[in-house]
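Trainee: Could you take a close look at one part of this model for me? I'd like to know how the start of the chain is put together, and then how that part sits in the whole.

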Amino acid sequence: MKKRFLLVDDHPVFRQGLAALLETVDSYVITGQAGDWDEAVTLLERDTYDIMIVDLSLRDRDGLELLKHLANEEKRPLCLALSMHDELVYAEKAIETGALGYVMKH
């Protein structure tokens, strides 16, 4: 059974590159990609995902808000926060809001 991923990042080239990289793993499939908060919420309402990778700096809303929004959702996927920020405070906030990990883009 393949793990179903939702990627949430407002930079399409980065998001598509990450999707291509992840799909080199036989047990992974990218079944959703969102460029903003609203699109991510819509996809999460329509489908079920095993893992969501979310950028903390979205153009319309903060990715931390998305993690908080999903905190009590029954269908919530496992979450990994992604950010250009290398400050420990962002990692701590991401973990506090329910992310299982934090990855810096650089």
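This is a predicted model: local features need pLDDT of at least 70, side-chain atom pairs count only at pLDDT 80 or more; totals for chains, interfaces and linings use all residues.

Mentor: Now to the start of the chain. Strand β1, residues 3–8, pairs with strand β2, residues 28–34, and the two run in the parallel sense, joined over six bridges. To get from β1 to β2, the chain passes through helix α1, residues 12–22, and this β-α-β crossover is right-handed.

Now zoom out. Reading along the sequence, you get the pattern β-α-β-α-β-α-β-α-β, and the count comes to four helices and five strands.

What about the overall dimensions? The C-alpha trace spans about 35 × 30 × 25 Å along its principal axes. A compact globule with 106 residues would have a radius of gyration near 13 Å, and the chain has 13 Å, so the two agree.

For the contacts, take residues at least 6 apart in sequence: 58% of the contacts between them join residues at least 24 apart. As for burial, 42% of the 106 residues are buried, where buried means under 20% relative accessible area.

Definitions and conventions:
Residues are numbered from 1 along each chain as its sequence is written. Side-chain values use heavy atoms; hydrogens and water are left out. Two strands pair if DSSP finds at least two bridges between them. A crossover is right-handed if, with the strands pointing away from the viewer, the path from the first strand over the helix to the second runs clockwise. The radius of gyration is taken over C-alpha atoms; the globule rule is 2.2 Å times the number of residues to the power 0.38. Buried means under 20% relative accessible area, exposed over 50%, partly exposed in between (1.4 Å probe, protein chains only). Contact means heavy atoms within 4.5 Å.
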